[in-house]
Amino acid sequence: MEIRDDSDRWFTVEEIDRGTFAISEYRHWEETHCYLLCGERMAVIIDTGLGVSNIRRVADSLTKLPIMAVTTHVHWDHIGGHRYFDRIAVHEAEKEWLSSGFPLPLQAVRHHLAKEPCSFPPDFRIDDYRVFQGMPQVILRDGDRIDLGGRELLVIHTPGHSPGHCCYYEEKRAYLYSGDLIYRGCLDAFYPTTDPRLFYQSVKRLQSYSISRVLPGHHQLSIPVSLIYEIEASFEQLEKAGKLEQGNGIFDFTGFQIHI
């Protein structure tokens, strides 16, 4: 796997395979991952990160294909760079969040962005930071397929972390781009717009797919496929204990937490 920093050293680019790149923000505590997938006809970037630096410049250095921004979910840390793209895709359940406004005050987002020490790029000013708002050009639904030319992504609607959260499955490579459904860290199902029971059902649904690699939205990039089943078993344990109701707190498991 090739690893290199971009010119302002905010992003780290890791080559997953030919035509597949992780573009990561390791210098921030969120450690977000975005994924550039290049087909024969077009490319997609799955999520665009925090919006602290220009992710389009990095993507354009990796491909000359036209690029569409594809959204796992409309949370500020996954749509920050959407403003650099002319074509944006989002699940129908979160179209209004993207076009009419994210349901969290800007000051709360800024506080969250800067709550831990971070060496932001020299030209970044927190007072100028805005949450992206714009009209999507493509509306996604469960079961839709995105054809890149020689590559195809299946849209899997996986609500729970947010109403329109989607994972993207690439059958030919057996890759799952899991957004905030599967990763090592704290899995959040405690916000008013989350649903821990739907989160559990979405994780269970992944058993239907043959998966060789999970590519998460945050933190450790290389995670075992078995983490899906560990998370499912943990949700099952919480359900049996009557804990799948918001307000029950943070539960620790091996390698991850579940916040309900």
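How many disulfides does the count come to? I applied the rule that a disulfide is a pair of cysteine sulfur atoms within 2.5 Å, and the count came to zero.

**Entry 1: basis.** I worked from a predicted model, in which local features need pLDDT of at least 70, side-chain atom pairs count only at pLDDT 80 or more, and totals for chains, interfaces and linings use all residues. Residues are numbered from 1 along each chain as its sequence is written, and side-chain values use heavy atoms, with hydrogens and water left out.

**Entry 2: cysteines.** I looked up Cys-118 and found it in no disulfide, the nearest cysteine sulfur being that of Cys-34, 15 Å away. Cys-166 is likewise in no disulfide; the nearest cysteine sulfur belongs to Cys-167, at 7.9 Å. I also noted that Cys-166 is buried, with a relative accessible area of 0%. Here buried means under 20% relative accessible area, exposed over 50%, and partly exposed in between (1.4 Å probe, protein chains only).

Entry 3: I took helices (H or I, at least four residues) and strands (E, at least two) as DSSP runs, numbered from the N terminus. Two strands pair if DSSP finds at least two bridges between them. On that basis I recorded an open sheet of five strands, ordered 9-10-11-12-14, with mixed pairing. Strand 9 (145-147) and strand 14 (213-216) stand at the edges with a single partner strand each, so one side of each has no neighbour in the sheet. The twist from one strand to the next averages 25°. Within this sheet I followed strand 10 (residues 152-157) and strand 11 (residues 166-170), which pair in the antiparallel sense over four bridges. Ile-156 stands opposite Cys-167 in strand 11.

Entry 4: Strand 15 and strand 16 (residues 256-259) pair in the antiparallel sense over four bridges, with Asp-252 opposite Gln-257. In their hairpin, which has two residues between the strands, Gly-255 takes a positive phi near 90°.

I then checked the side chains of strand 15 (residues 250-253).

**Entry 5: helices 5 and 6.** Axes are lines fitted to C-alpha atoms, for helices over the stretch in contact, and angles run from 0 to 180 degrees between N-to-C directions. The axes of helix 5 (residues 196-205) and helix 6 (residues 226-240) come within 9 Å and cross at roughly 140°. Contact means heavy atoms within 4.5 Å. By that criterion, residues including Phe-199, Tyr-200 and Val-203 in helix 5 meet residues of helix 6, among them Ile-228, Ile-231 and Phe-235.

**Entry 6: Glu-239.** This residue lies in helix 6. At 34% relative accessibility, Glu-239 counts as partly exposed. Not counting residues up to four places away in sequence, Glu-239 touches Arg-197, Tyr-200 and Leu-244.
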